[in-house]
Amino acid sequence: MGLKTFKGGVHPYEGKELAKDAPIVEVLPKGDLVYPLSQHIGAPASPIVAKGDRVLKGQKIAEAGGFVSSPIYASASGTVKAIEPRRVAVGDMVNSIVIENDGAFEEVSYTPCEDVTALSKEEIIGKVKEAGVVGMGGAGFPTHVKLSPKEPEKIEYIIANCAECEPYLTADYRRMLENPEELIGGMKIILQIFDKAKGVFGIENNKPDCIEKLQELVKDEPRIEVCPLETKYPQGGERQLIYAVTGRSINSKMLPADAGCIVDNVETIIAIYNAVKLGKPVTNRISTITGDAVEHPGNFLYNIGTSYQELVDAAGGFKVQPEKIISGGPMMGFAMFSLDIPTTKTSSSLLCLSKDEVSKVEPSACINCGRCVEACPEQLIPSRLAKFSNNGLAEAFESWHGLECVECGSCSFVCPARRQLAQSIKTMKKQVLAAKRKK
């Protein structure tokens with residue numbers, strides 16, 4: 001049987017060899033910890049501590065600000081130093097809780113669940129909500145909302161996004177190799193909520209060891225299977241993954257649940273296991289610190305709120321001063337100008353490159369070659385959408401289905417004229433959506 005995939009996409013340099021063989025290493029923070037109150041989609045969390053309060057690791061410091069929101073927990077013991085705006089990876093100033101780390105890591109006591117199978121669906125969703133679990137692949141959508149669709153009986157697939165299609169990233173790869181039991185345990189917990197669903201681990205075939213390991217571990221699980229995927233970017237995009245696994249299509253007006261699917265990232269599913277089985281809130285996660293400017297690229301289990309500088313130090317610092325630092329992968333990540341930035345629940349990687357090759361290239365006129373059309377996983381015409389954007393033609397942009405763009409960057413990657421197509425389209429998308437909200 002052939003590998004599952006989607007139409008379009010690109011094959012960028014993978015770069016995974018830099019960190020894929022580096023086992024997960026735990027890093028304890030030394031400096032202050034900063035917790036932005038908006039590290040998820042939806043309403044910001046509301047602080048429930050004040051300056052001068054002493055907190056313990058695992059203690060709730062901010063509660064959800066609404067249904068589509070998520071609580072935040074301290075990842076170290078210490079004293080609340082301030083509640084003030086701090087800069088985050090995307091450049092915004094976000095109100096944040098600052099905790100002076102006392103280095104003792106005194107922790108609250110957790111209550112593990114002896115028999116997860118005895119829990120009701122509502123109890124499972126409640127534990128996930130209380131633990132502050134969000135989409136940890138980068139989206140940050142509160143997971144309890146995702147697990148509460150309007151018609152749960154219509155959910156047929158729980159898809160674990162194990163593709164990790166962004167170049168350089170290897171955190172999910174190490175999780176699958178080192179913590180497969182927790183990943184499978186998390187999948188079983190989700191399947192308890194949806195009686196008619198089956199679980200699918202969608203893994204790109206550049207990870208044959210993960211495919212083999214998970215296939216062996218689930219061979220006696222009738223409701224769980226492993227689906228090998230063709231290695232192609234953006235195979236891990238939600239729409240592309242759903243199509244590859246099920247053959248079903250969704251658009252910007254639909255949710256995965258409308259196609260009978262729920263999609264969760266590897267780190268998110270492990271966080272669900274920790275929340276429900278172990279009673280632990282989200283206080284840490286795995287991140288890949290990599291790139292040719294890093295002395296010892298690797299995968300690190302760190303406490304959320306730790307600064308990126310401390311993670312770079314844990315990787316041996318820089319062997320050369322990087323020209324480009326990116327939070328996330330090179331295709332969809334955000335360029336950063338400082339490492340004095342706090343990590344959050346969605347901080348999956350830091351990419352440090354010795355050369356900023358993209359900024360040195362001057363774009364030229366479109367040659368109408370059609371490569372962007374071939375690469376687009378949504379079958380759009382990126383060159384035309386970018387032209388509409390550059391000329392401020394919002395109506396034309398929308399009529400040519402510009403809102404269907406998934407912002408994967410494949411069009412910019414293949415453009416021989418080096419035009420910044422994805423950036424132009426993304427800008428117009430924001431403007432159109434903002435205008436719709438005003439109406």
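I worked from a predicted model, in which local features need pLDDT of at least 70 and side-chain atom pairs count only at pLDDT 80 or more, while totals for chains, interfaces and linings use all residues. Residues are numbered from 1 along each chain as its sequence is written, and side-chain values use heavy atoms, with hydrogens and water left out.

The buried residues are Arg239, Gln240, Leu241, Ile242, Ala244, Val245 and Thr246. I found that they pack against strands E9 (157-161), E10 (198-204), E11 (224-229) and E12 (261-265), contact meaning heavy atoms within 4.5 Å. Just after H6, I noted that glycine 247 takes a positive phi of about 80 degrees.

I next looked up helices H3 (residues 171-178) and H7 (residues 266-276), which pack at an angle of about 45 degrees with their axes 9 Å apart (axes are lines fitted to C-alpha atoms over the stretch in contact, and angles run from 0 to 180 degrees between N-to-C directions). H3 and H7 are therefore oblique to each other, since angles under 35 degrees count as roughly parallel, over 145 as roughly antiparallel, 65 to 115 as roughly perpendicular and the rest as oblique. Asp172, Arg175 and Met176 of H3 meet Val266, Glu267 and Ile270 of H7 in this contact.

Key:
Helices (H or I, at least four residues) and strands (E, at least two) are DSSP runs, numbered from the N terminus. Buried means under 20% relative accessible area, exposed over 50%, partly exposed in between (1.4 Å probe, protein chains only).
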